[in-house]
Amino acid sequence: MPQVKPLAFLGDSLARLREFPEDAKKEAGVQLHKVQQGLEPSVWKPLPTIGPGVREIRIREETGAFRVVYVANRQDKVFVLHAFQKKTQATAKRDLDLASLRFRSI
């Protein structure tokens with residue numbers, strides 16, 4: 001059985017994730033658990049502009065689009081950099097900047 005990497009939530013990412021609607025929160029948990037096991041989430045996209053190995057889990061449900069930005073290729077942890085609801089087609093610059101700042105802190 002593969003080793004499960006612990007999650008490390010940076011900044012307010014855990015608090016923000018807990019604000020997701022119930023369905024989105026459950027889906028985020030399922031997908032993060034996959035990442036912890038070394039698997040790929042069901043729907044994801046690389047975010048190389050933030051840093052090498054940074055990805056976002058993409059969750060869509062009836063109340064909108066939600067994102068969990070993480071990096072799993074570091075040491076023995078999965079670092080969750082940011083979690084947010086996406087309001088527009090393009091990801092808001094402040095969300096990308098925040099994830100980038102937290103990435104640099106590790």
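# A tour of the predicted model

The chain has a mean pLDDT of 94, and 98% of its residues reach 70 or more; pLDDT is the predictor's confidence in each residue, from 0 to 100. This is a predicted model, in which local features need pLDDT of at least 70 and side-chain atom pairs count only at pLDDT 80 or more, while totals for chains, interfaces and linings use all residues. Residues are numbered from 1 along each chain as its sequence is written, and side-chain values use heavy atoms, with hydrogens and water left out.

Colour the chain by confidence. The mean is lowest in β4, at 94, and highest in α1, at 98. These labels are DSSP runs numbered from the N terminus: helices are H or I with at least four residues, strands E with at least two.

**Stop 1: helix α2**

Select residues 22-36, which make up α2. This helix has 15 residues and reaches 21 Å from its first C-alpha to its last, close to the 21 Å expected at 1.5 Å a residue; the expected span is 1.5 Å times one less than the number of residues. Now show the side chains of Ala24, Ala28, Gln31, Leu32, Val35 and Gln36, the buried residues of α2. They lie on the same side of α2, because they cover an arc of only 145 degrees around the axis. The arc is that of the directions from the helix axis to the C-beta atoms. Buried means under 20% relative accessible area, exposed over 50%, and partly exposed in between (1.4 Å probe, protein chains only).

What do the buried residues of α2 pack against? They pack against β1 (7-9), α1, β3, β4 and β5. Contact here means heavy atoms within 4.5 Å.

Zoom in on Gln31 in α2. Its relative accessibility is 3%, so Gln31 counts as buried. Beyond its neighbours within four places in sequence, Gln31 is in contact with Pro41, Ser42 and Ile57. Then move on to Gly38, which follows α2 and has a positive phi, near 85 degrees.

**Stop 2: the aromatic pair**

How many aromatic pairs does a search of the whole structure find? The search finds one. Select Phe20 and Phe66: their pair is tilted, at 4.8 Å centre to centre with 50 degrees between the planes. Rings of Phe, Tyr and Trp (its six-membered ring) pair if their centres lie within 6.5 Å; planes under 30 degrees apart count as stacked, over 60 as edge-to-face and the rest as tilted. Phe20 lies in the loop between α1 and α2 and Phe66 in strand β4, so the pair ties together parts that are 46 residues apart in sequence. Phe20 counts as buried because its relative accessibility is 5%; Phe66 counts as buried at 2%.

Keep Phe20 selected and show its contacts. Not counting residues up to four places away in sequence, Phe20 touches Lys25, Phe66, Arg67, Val68, Ala83, Phe84 and Gln85.

**Stop 3: Arg55 and Trp44**

Select Arg55 and Trp44. The charged end of Arg55 sits over the ring of Trp44, 3.6 Å from its centre. A charge sits over a ring if NZ of Lys or CZ of Arg is within 6 Å of the ring centre and within 35 degrees of the ring normal.

**Stop 4: helix α3**

Finish with residues 93-105, helix α3. Asp95, Ala99, Ser100, Arg102 and Phe103 are buried there. On the other side of α3, Lys93, Arg94, Arg104 and Ser105 are exposed. The buried residues pack against α1 (13-18), β3 (54-61), β4 (64-74) and β5 (77-86).
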